[in-house]
Amino acid sequence: MNTQPTSPCFSFDLTARDRRARAGIFHTPHGDIQTPVFAPVGTQATVKSLTPAQLAELHASLILSNTYHLYLRPGDELVAEMGGLHRFMNWDRPILTDSGGYQVFSLEDSRKIDDDGVTFKSHVDGSIHRFTPEKSIAIQENLGADIIMAFDECASPYDREYSIKAMQRTHAWAERCLQAKHRPEQALFGIIQGGIFPDLRQESARYIGSLGFPGHAIGGLSVGETKAEMHSMLELVDTLLPDDRPRYLMGVGTPEDLINGVLRGVDIFDCVLPTRLARHNAALTRQNRMNLVNAAYAHDPRPIDEQCACYTCQNFSRAYLRHLITAKEMLAATLLSIHNLYTLINLTQGLRQAILEHNLEQFVTDFLQQRQLKPQEGEPEA
Ligand SMILES: [Zn+2]
């Protein structure tokens, strides 16, 4: 439809729309990201239990890594010395780093916020550190991801008075991040806050949307509000954000959340859910979730999902997976992570295809109908 260069190294083509849903391509120095896209999370410069080759086989096109964790260990300067995050972790496709803000603000008892930044105590060794917008950008420049995030404050979604304060800080910090950034081969995304308050969300979307960021993130959602509140906030900002830039819904990633986000104009998602569930012996299935530790699977020769084309389902039985879990074998987490990531990546690819074919409504209806199904015979509730 259109190509809008947002910096010499980045551009976003909005290829097709189906109502509010969008299919696009975000061009980055490490390759194209076809949207909608689900990004696996590699907190400590590794997507837990998977090699980069396995991620590539899963068609992961973007992965997320965490500034807070990498700053503390091994240190962003060490990553820079090793040639940057792509080389350090041997991932040559696009990477996104968060700003570190979310993790720091989550350290409720060991951080102090002021208008200039946040002082906090490391969860690793108790040492004291300080993040400011400038520091967050400097760390993210050392890490060298393709997409970097503005330093923002995520407040409790229902506290109006505090949400105003956090939003104002987020806006002031967004401008400081823009000033602090120098590397042209990184795209800095601005973040919208405002809790569940429509007027604040509108103000934030207008303000952040006016600053010229090459992409926008919707922060402060999926942090305790209802799904209906999340959806109405997404609908509000969808109409206000510049149409020609990608939109990223941070930290959201159940199959229903991906569908609801795509229907409301979201292009990029990330979530620890698929790999975290895998480490807790659970598989995401088309119907719901399945806990493979359950004794009912001990003699079950079927794969997790007979219709799934992932490596795990093509090669291994529920009985084998349950055996690995019971014997505490590491391969269990790997095989379940492969299946869970495949499920979400495949879902976003299906949504993209449906948008391109103007068939989204049918795709979503069919998918949600499957989710209504009761577990198959012999499958206990997860
Ligand atoms: Zn599978």
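These notebook entries record what I looked up in one predicted model.

**Ground rules.** I number residues from 1 along each chain as its sequence is written. Because the model is predicted, local features need pLDDT of at least 70 and side-chain atom pairs count only at pLDDT 80 or more, while totals for chains, interfaces and linings use all residues; side-chain values use heavy atoms, with hydrogens and water left out.

**Zinc site.** I looked up which atoms hold the zinc ion and found C308 (SG), C310 (SG), C313 (SG) and H339 (ND1), at 2.1 to 2.3 Å, where donors are N, O and S atoms within 2.8 Å of the metal (3.2 Å for Na, K and Ca) and water is not among the atoms, so sites may look incomplete. The angles among the four donor atoms run from 99 to 116°, and the site is tetrahedral (for four donors, all angles between 85 and 135 degrees). C310 lies in the loop between β17 (289-291) and α12 (311-315) and H339 in helix α14 (residues 331-356), so this pair ties together parts that are 29 residues apart in sequence; helices (H or I, at least four residues) and strands (E, at least two) are DSSP runs, numbered from the N terminus. Both C310 and H339 are buried, buried meaning under 20% relative accessible area, exposed over 50%, and partly exposed in between (1.4 Å probe, protein chains only).

**Salt bridges.** I then searched the whole structure for salt bridges and noted 21, each being a side-chain nitrogen of Lys or Arg within 4 Å of a carboxyl oxygen of Asp or Glu. R176 pairs with D116, their closest N and O atoms being 2.8 Å apart; since R176 lies in helix α7 (residues 160-180) and D116 in the loop between β8 (111-113) and β9 (118-121), the pair ties together parts that are 60 residues apart in sequence. R176 also meets E134 in a salt bridge (2.8 Å, N to O), and E134 lies in helix α6 (residues 133-143), so this pair ties together parts that are 42 residues apart in sequence. I recorded R176 as partly exposed at 22% relative accessibility, with D116 partly exposed at 35% and E134 partly exposed at 34%.

A further salt bridge joins R318 to D300, with the closest N and O atoms 2.9 Å apart. Here R318 is buried at a relative accessible area of 1%, and D300 is buried at 6%. I also noted a network of salt bridges that links R17, R20, R22, D238, D243, R247 and D267.

Methods: Four donors count as tetrahedral if all angles lie between 85 and 135 degrees; four count as square planar and six as octahedral if opposite donors are over 155 degrees apart and all others between 65 and 115; anything else is irregular.
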